[in-house]
Amino acid sequence: MRKPAALRLFFVLLVIAAGWFGISRLDFDVDPLSLLPQELPGLQGTRLLREQKRNLLLIAVQAEDPALVEVTADALAEHLAAKPELSASVRSKSLLQSDPAIIAEVVAYLWLNAPPQEVAKLAASLDPASIDALLAKSKAAASSSLDLQNATLSGYDPLGLARGALALMSGGGDMSSLMTDEFSSSDGTLRLLFVTPPGQALADYRGANAWLTQIKAEVREKWLPQQGELKGVKIGFTGDPAFQAEIATGMEGDMRQSIGAVTFIVGFLFWLLHRSVKPLFWLLLAILCANMLTLGTAGAIYGSLNVMSMGFAAILTGLIEDFGVVGLHVAREHPGEGFGSICRRALPSVTWSAVSIAGIFAMLGLSQLPGVAQLGVLSALGVLIGAAVMIFGFLPLGMTTGKLEEHHGTTRFAMKMQGVMVVCVLGALIAASVVMGWKGLPKMDFGSAVLRPDKSEAFDVIDDIEKRMLNSSAEPGRNVPLIFAAKDSSSLRESILAAEKILKSDEVEANMLPLALVPDAAAQQANLALLQSLATRSDALRQATDAAGFTDVAYALTERVFKQWQAWAATKPSLPLWPKPIVLENLGGIVSQHAEHGLMAIGSVRLTAGRSLENAPVLHAVEKIPGAHPAGWAFLRTSLEPLLKQEILRVCVPTVVIACVLFLLVFHGWRERLFAFLTLAASGWILLGSMTACGLTWNLMSVGAVPLCLGLGLDFTIHVMHSLREPGMNRERIASLGRSLAYCGLSTGLGFGALAAGSNRGLITLGMTAMIGVLTVLVTAAFALPWVWFRRQH
């Protein structure tokens, strides 16, 4: 075997091995929280809060007839519960509607875990001297209360055990949030089912999508058509599994669509440029090799790519293909010269271009945002790898495919377009100035909605649930979830107690802290004997209840509670005692145990009227308590916006410094540097104006277009400037280079534009922003700059 062929075979095998290694190690993380720094206030709480609800699929049953909704929800819950291959558990009723045994255990546990002084008050109220007055009060409440829930509880809870337990759970405050049915809207036209998937169904987003597809098919295609009497019922699916499936699979489809579009555009434009298939084949193979090598590097360094870094392959395709096209252009301009000579001619501009672009991207590695930092590092490495592959891998192969045609007609057209493009650039600058003077700069939007599919059943359903089940008149931004996490119950209680002290502030209107459900060994030890003593008086208390005129069933709940206390006393369990898992499940996961996170508890705080997250220091004070975390995207935004201002100093300043150094090293003399600066500045100004005009925002995805546009702007400008320096350079030869760069810019810009036809809002804004920016720098650098340069010479 000849030596060059052996080396090429070795290189191909190396690329395959590197790509296989990278793919085998890589995992794609579509979690929007992975784009944020780990130490960001509110991030840990938001992640833990979502972890609590991560595996729950919400099925929404809607109809105009409340009775029909109730029948459908109950029947569907029963059907899914009978299919363990589809659901591990199904919850369709609130705590007050659940099994009486579960209600009794919750009440019994709350009193066991209550402060001893509260249990002493309960014992005093059940004393023979006080029992008659207590029963008379309960009977009056059952017959005359305007609050239906309170009247119902009074009728079935004559001794006040359940009402007292709920008061303990609410901290003695308003119990309405505890007594509200979390499964049904107030008018009964919407019911929710909470479905937990079986086993490892949600191992990743593909598993979530497969499970969601199965359960949708079971409900909509098999079960519902068989229920002839359930006409007019709408069933929707939402929750974290649905979000995972829709967002991730949508992005995956968009990326495939973009890759297909880029491949077609690259092939079509290359054919127009060179009328040759073999160089196109070698170019696509070289791009694939560069991406595979970079993928292997990513697997070795990171092991996981976040949702923003998933776009690095598209960025590399746009950046590195012009290295090969420029090399072919040099070979065409100097026919008859060997690879060594062509390489020496093309290498300076390609090297400076690759180093400049890589330097710009590498500065993103200083970012506090993991998504931006990872994107920058991978793109920088990929550009350097791609430049080497194109010059030393593609160029010698591309030069051996026969003579490339000149196509003077297209060159003359490119010369004519230079003047037209200057007019277009001037018009675009004026238009951008007018638009931004009228509407201002593009807005910032760093919320989670950027990752939302443009058309999404899961998001539409959750929006409808929030409108119909939550108080739409409540002032937005005042309710903030709180989540507490610790390794043991005593540490968890300390965190909640510390938060309780801080929340006694004029900034807070109300709070709901789950202290009553967190095990307290000392309280349980002190209460168990007294509660057992109360339970021994069960017969006497029943007789008093009957004498007061209550029905036979009125005492059933109280009797179950007494039996539970006696059972605990008889078994002498190790303390602190936890409720059974089924009880915790029926409580909606307010308190839970996790193998990874330890003990977790969920609470909430409502700020006073007029307060917002931006002017509520009390939440940041809670954040400083070990194990206490305010949560939610609304709270994250208040921390993210100051962080983004810090990013200007952390990333932009070093980038500007690097850009200035590169300007001094790459461009010679004040004239070149001035022209290069004006080219980039004009492109950036037009991009900002276009974003404002199109209503595009800076978000967690679209910021990735900035280094891409800046990198391509430097790339095109460097190639043009290096060509303009060559002796004997004229309009026709520079127009030929502009035609080659037009191929690179159009294929990249239109490829990103294909994302705008996708389904994900973030990728749509990234695609639109990148397309506008790339086409702008192409027109400015490859056409307007040469025209102005030659005009200044005459």
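Q: Which ring does the charged end of Lys 439 sit over?
A: The charged end of Lys 439 sits over the ring of Trp 438, 5.1 Å from its centre. A charge counts as over a ring if NZ of Lys or CZ of Arg is within 6 Å of the ring centre and within 35 degrees of the ring normal.

Q: And what about Arg 91?
A: Its charged end sits over the ring of Phe 194, at 5.5 Å from the ring centre.

Q: What kind of model is this, and how are residues numbered?
A: The model is predicted; local features need pLDDT of at least 70, and side-chain atom pairs count only at pLDDT 80 or more, while totals for chains, interfaces and linings use all residues. Residues are numbered from 1 along each chain as its sequence is written, and side-chain values use heavy atoms, leaving out hydrogens and water.

Q: Now to ring pairs: how many aromatic pairs are there?
A: There are 2 aromatic pairs. Rings of Phe, Tyr and Trp (its six-membered ring) pair if their centres lie within 6.5 Å; planes under 30 degrees apart are stacked, over 60 edge-to-face and the rest tilted.

Q: Why is the pair of Tyr 555 and Phe 562 edge-to-face?
A: The planes of Tyr 555 and Phe 562 stand at 65 degrees, with centres 6.4 Å apart, so the pair is edge-to-face.

Q: What about Phe 562 and Trp 565?
A: That pair is tilted, with 5.6 Å between the centres and 45 degrees between the planes. Tyr 555, Phe 562 and Trp 565 form one aromatic cluster.

Q: Is Phe 562 buried or exposed?
A: Phe 562 is buried (under 20% relative accessible area; exposed is over 50%, partly exposed in between, with a 1.4 Å probe and protein chains only). Its relative accessibility is 1%, and Trp 565 is buried as well.
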